[in-house]
Amino acid sequence: SHSKSTEDHNSHHYSPSKHPSSMGKQHGSLTRAGKVKGATPKVQKQEKKKQSSGRARKRQLFNKRYASLKKGEDSLRIKPNSQAKQVERKEWKEAQILRIQRAKAEKGAAAKSA
């Protein structure tokens, strides 16, 4: 019933013999490779406490995921990205910023009095 030939029907499949330019294209020019990484300022790695492993890690995860929820009015699992959790995180962050500012102010006051 179709009047199109199979040649027309398959014309959207390029064969390498017809279109040699369609083989192995890379995205963008290679002259711009690494421009973002090169422009990013180097930040030294910070000293961190070593990650616990084994039983201690499992205990930590349990406490983080379940035990900490027991103190809430609903002891069912609160998902880590739930609205309540996000609000809690935001409030903690703001409090942390205030603590840091207070510590800096105290340090400055101590330095002036000395």
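1. The side chains of Ser-52 and Gln-60 meet in a polar contact at 3.0 Å (a pair of N or O atoms within 3.5 Å, one able to donate a hydrogen and the other to accept it). Ser-52 sits in the loop between H2 and helix H3 (55–65). Ser-52 counts as buried because its relative accessible area is 18% (buried means under 20%, exposed over 50%, with a 1.4 Å probe and protein chains only).

2. A word on the source: this is a predicted model, where local features need pLDDT of at least 70, side-chain atom pairs count only at pLDDT 80 or more, and totals for chains use all residues. Residues are numbered from 1 along each chain, and side-chain values use heavy atoms, without hydrogens and water.

3. Do look at the surface patch of positive charge formed by Lys-37, Lys-42, Lys-45 and Lys-48 (patch residues have over 30% relative accessible area and no salt bridge, with like charges joined within 9 Å; a salt bridge puts a Lys or Arg side-chain nitrogen within 4 Å of an Asp or Glu carboxyl oxygen). Lys-37 belongs to helix H2 (residues 35–39) and is exposed, at 74% relative accessible area.

4. Overall, the protein chain has four helices and zero strands (DSSP runs of at least four residues for helices, at least two for strands). Of its 114 residues, 4% count as buried.

Conventions: Patches are made of residues with over 30% relative accessible area and no salt bridge: like charges are joined within 9 Å, nonpolar side chains (Val, Leu, Ile, Met, Phe, Trp, Tyr) within 5 Å. Accessible areas come from the Shrake-Rupley method with a 1.4 Å probe; for residues, only the protein chains shown count as cover. Lys and Arg count as positive and Asp and Glu as negative; His and the chain ends are not counted. The place of a charge is taken as NZ of Lys, CZ of Arg, CG of Asp or CD of Glu.
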